[in-house]
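Visitor: I am new to this structure and would like to learn how to read it. Could you walk me through it?

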Amino acid sequence: MALLEIEDLHASVDGHEILKGVNLTMNAGEVHSIMGPNGSGKSTLAQVLARRETYEVTRGKVLFDGKDLLEMKPEDAACQGVFMAFQYPVEIPGIGNAYFLRSAMNAVRKYHGQDELDAMDFLPLYKERLKLLEMDEKLMNRSVNEGFSGGEKKRNEILQLAMLEPKLAILDETDSGLDIDALRIVAQGVNAMRSPERGFLVITHYQRLLDYITTDFVHVLVDGKIARSGGPELALELEEKGYGWAETEAGISA
Amino acid sequence: MSSSVDTIRDLALQDYKWGFVTDVEEDRVPKGLNEDIVRLISARKGEPEFMLEWRLNALRHWFKMEREKGEPKWANITFGPIDYQDIVYYSAPKQKPRLENLEAVDPEILRTYEKLGIPLEEQKLLAGVAVDAVFDSVSVATTFKGKLAEMGVIFCSFSEAVKNHPDLVKKYLGSVVPHTDNFFAALNAAVFTDGSFVYVPKGVRCPMELSTYFRINAAETGQFERTLIIADEGSYVSYLEGCTAPIRDTNQLHAAVVELIALDNATIKYSTVQNWYPGDKEGRGGIYNFVTKRGKCLGKNSKISWTQVETGSAITWKYPGCILQGDNSVGEFYSVALTNNRQQADTGTKMIHIGKNTRSTIVSKGISAGRGQNTYRGLVKILKGATGARNYTQCDSLLIGDRCGAHTFPYIDVRNSTAKMEHEASTSKIGENQLFYLRQRGLKTEDAVSMIVNGFCKTVFKELPMEFAVEAQKLLGVSLEGSVG
């Protein structure tokens with residue numbers, strides 16, 4: 001059984017159709033990259049999979065781990081193992097980062113009928129993962145994302161990914177706005193989390209993230225449809241020839 | 001975001017959990033307000049002559065105010081006319097009004113307090129909390145009295161204080177909130193029925209939190225309690241109050257007065273968790289909470305700190321303030337006020353700087369949800385002699401949904417050029433993006449809302465004693481359920 005099966009997915013925002021029939025199948029253990037020009041629907045795909053309610057699915061189906069993902073609320077999808085690293089992580093003033101993470105982990109544990117983690121169970125894991133992402137322990141007591149630099153926010157997303165250990169990790173343009181060092185650290189975190197049980201959907205505008213994260217498949221999204229799919233070499237080809245090439249190839253030239 | 005809004009709205013329909021009525025026989029005076037009623041109340045309470053005179057004096061003043069102007073109209077609240085002749089001004093559980101021990105308390109009343117989570121029996125008490133319980137008009141039990149008395153701390157009902165400590169009462173009653181202060185203070189002075197009295201002697205650090213739980217039970221009654229706390233030189237006391245009332249579809253009036261006096265080097269910390277019945281979601285019923293609370297930092301280096309969490313009442317009208325008379329005295333006000341459904345709150349503080357180098361801090365967090373209207377109203381006044389005075393004010397509003405309102409009226413009046421004033425204000429809204437972020441991490445909508453609101457209130461909650469802070473967080477969660485709309 002595939003980890004994720006997307007079939008003829010159509011989705012709209014405020015009445016505008018953005019996704020116009022996306023098909024994609026991902027097995028556990030694989031890394032798939034979605035590339036594409038601005039406005040092609042990359043982030044919409046991520047948001048729909050994370051079940052954001054401002055996005056309306058008008059047609060198609062999505063099976064996650066064999067279950068109907070489109071029937072799930074965001075918190076149910078999250079508890080079932082869908083994680084999205086946000087392009088613009090949100091600030092939660094007054095709530096400590098560690099407290100927030102522990103609450104999230106316990107929400108997932110509770111969903112699965114497991115006992116909640118207390119601070120003593122939580123801390124060693126938290127500290128280990130902070131180290132992996134080269135993050136300062138002081139972040140523990142700071143409010144979630146409040147006053148974080150752009151790079152810290154993105155690393156904090158990967159930290160959450162590393163703590164929550166989802167089955168499907170969606171990275172929504174995690175590389176945008178990162179300098180090369182931050183990019184390396186983020187990629188290092190992602191690589192450390194690769195496992196035969198986990199799938200990654202890496203959404204990016206630029207090829208450079210793929211210099212650091214080894215991808216198995218590359219899909220080019222153009223105007224709400226996957227125009228081309230291939231191996232990692234496709235990313236290089238795109239970098240060289242530009243998105244115009246993929247659009248022409250797909251016969252949907254702008 | 002329609003579906004998450006719906007979920008939140010559904011949660012808002014959650015019932016008020018403290019709305020039960022206890023079936024006890026009441027001893028009540030007839031409805032209405034006149035000199036005879038005041039005489040009757042005073043007689044029922046066996047008061048000395050000076051108290052009766054004090055009450056009658058206040059009543060005459062109140063009648064004059066009622067004739068001339070009626071209730072104060074400046075607050076940002078609306079309510080129908082209150083018929084002061086249609087209220088019962090004294091209601092007490094029918095039994096011996098003064099009780100020597102808990103065995104003498106009506107078991108029905110004890111069960112009520114148990115339902116409210118207030119363990120009155122001493123052995124069940126949270127370690128270190130002494131409780132006075134006021135049921136309708138009468139204080140029914142004060143715990144730990146003996147232990148406190150060993151240290152010279154007086155903690156008793158107001159009625160007892162009038163009898164046993166008349167000199168202290170005479171000296172301080174009305175010295176911070178005179179009956180001429182305002183309409184509701186005058187009304188309270190005329191008809192107040194009970195409340196708590198605390199005196200902490202020189203140099204004593206009160207060894208436990210003192211706590212009063214107020215419960216309105218009887219129908220058609222008003223509750224008019226009066227609290228007086230005196231901290232003598234170098235003493236310290238922390239006082240907590242909690243309030244609940246049954247669900248009734250008519251409005252009930254609560255007009256309390258609290259006076260605090262801190263002498264040289266004394267500190268008083270006063271915390272309130274107010275959860276009177278707020279009315280239903282259409283705004284029927286609920287308590288009209290018109291309260292005057294003020295502390296006087298009479299002595300040098302004294303400190304008065306107010307912390308309030310206001311989640312209940314149909315209308316909240318209260319401005320716990322500090323008169324900073326002693327040099328180097330400190331006043332603090334930390335407030336969380338939440339209005340959901342049709343609740344209205346007009347609340348804030350007054351900091352009056354008289355002495356030199358006086359300092360005040362104001363942190364106000366207003367949360368508006370449903371169709372709630374939340375107003376911060378504050379006055380910081382630096383008088384001519386208050387050289388070196390400082391004030392810091394932070395005033396934040398959080399909106400949940402698009403049918404509520406947040407309003408801010410900060411008044412600043414500075415008459416000494418050495419004063420340093422800081423004012424910060426913010427208004428924010430719980431956004432779909434914040435909720436989605438938390439839900440994407442696995443939190444349910446209501447837990448996500450509660451987390452965002454608790455984060456917003458953190459700087460106030462950390463001022464509350466530990467067990468109260470936990471209670472306040474839970475209360476906020478319940479009061480907010482179904483509020484994003």
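Visitor: How many residues of chain B are in contact with chain A?

Guide: Contact means heavy atoms within 4.5 Å. By that rule, 22 residues of chain B touch 34 residues of chain A. Before we go on, a word on the source: this is a predicted model, where local features need pLDDT of at least 70 and side-chain atom pairs count only at pLDDT 80 or more, while totals for chains, interfaces and linings use all residues. Residues are numbered from 1 along each chain as its sequence is written, chains are lettered from A in the order in which they are written, and side-chain values use heavy atoms, leaving out hydrogens and water.

Visitor: What area do chain B and chain A bury between them?

Guide: The size of an interface is often given as the accessible area lost when the parts come together. Here the two chains bury about 2,200 Å², 61% of it on carbon and sulfur atoms; buried area is the accessible area (1.4 Å probe) that two parts lose on being put together, summed over both. In chain B, Phe436(B), Tyr437(B) and Arg441(B) lose the most area to chain A, together 34% of what that side buries.

Visitor: How many salt bridges are counted between chain B and chain A?

Guide: Side chains of opposite charge can pair when their charged atoms come close. A salt bridge needs a side-chain nitrogen of Lys or Arg within 4 Å of a carboxyl oxygen of Asp or Glu. Between chain B and chain A the count is four. Glu75(A) and Arg439(B) make a salt bridge through their side chains, at 2.7 Å from N to O.

Visitor: Which elements give two or more residues to the side of chain B that touches chain A?

Guide: Helices (H or I, at least four residues) and strands (E, at least two) are DSSP runs, numbered from the N terminus. The elements are α1 (2-12), α9 (432-440) and α10 (445-461) of chain B. Of these, α9(B) gives the most, with eight residues.

Visitor: And chain A, how many helices and strands does its secondary structure have?

Guide: Chain A has eight helices and 12 strands. Its radius of gyration, taken over C-alpha atoms, is 18 Å. The globule rule (2.2 Å times the number of residues to the power 0.38) gives close to that, 18 Å for 254 residues, so chain A is as compact as a globular protein of that length. Along the principal axes, its C-alpha atoms fill a box of roughly 55 × 40 × 35 Å.

Visitor: Which residue forms a salt bridge with Glu165(A)?

Guide: The partner is Arg129(A), with the closest N and O atoms 3.5 Å apart. This pair links distant parts of the chain, 36 residues apart. Glu165(A) sits in the loop between α5 (150-164) and β9 (168-172) of chain A, and Arg129(A) in helix α4 (residues 119-132).
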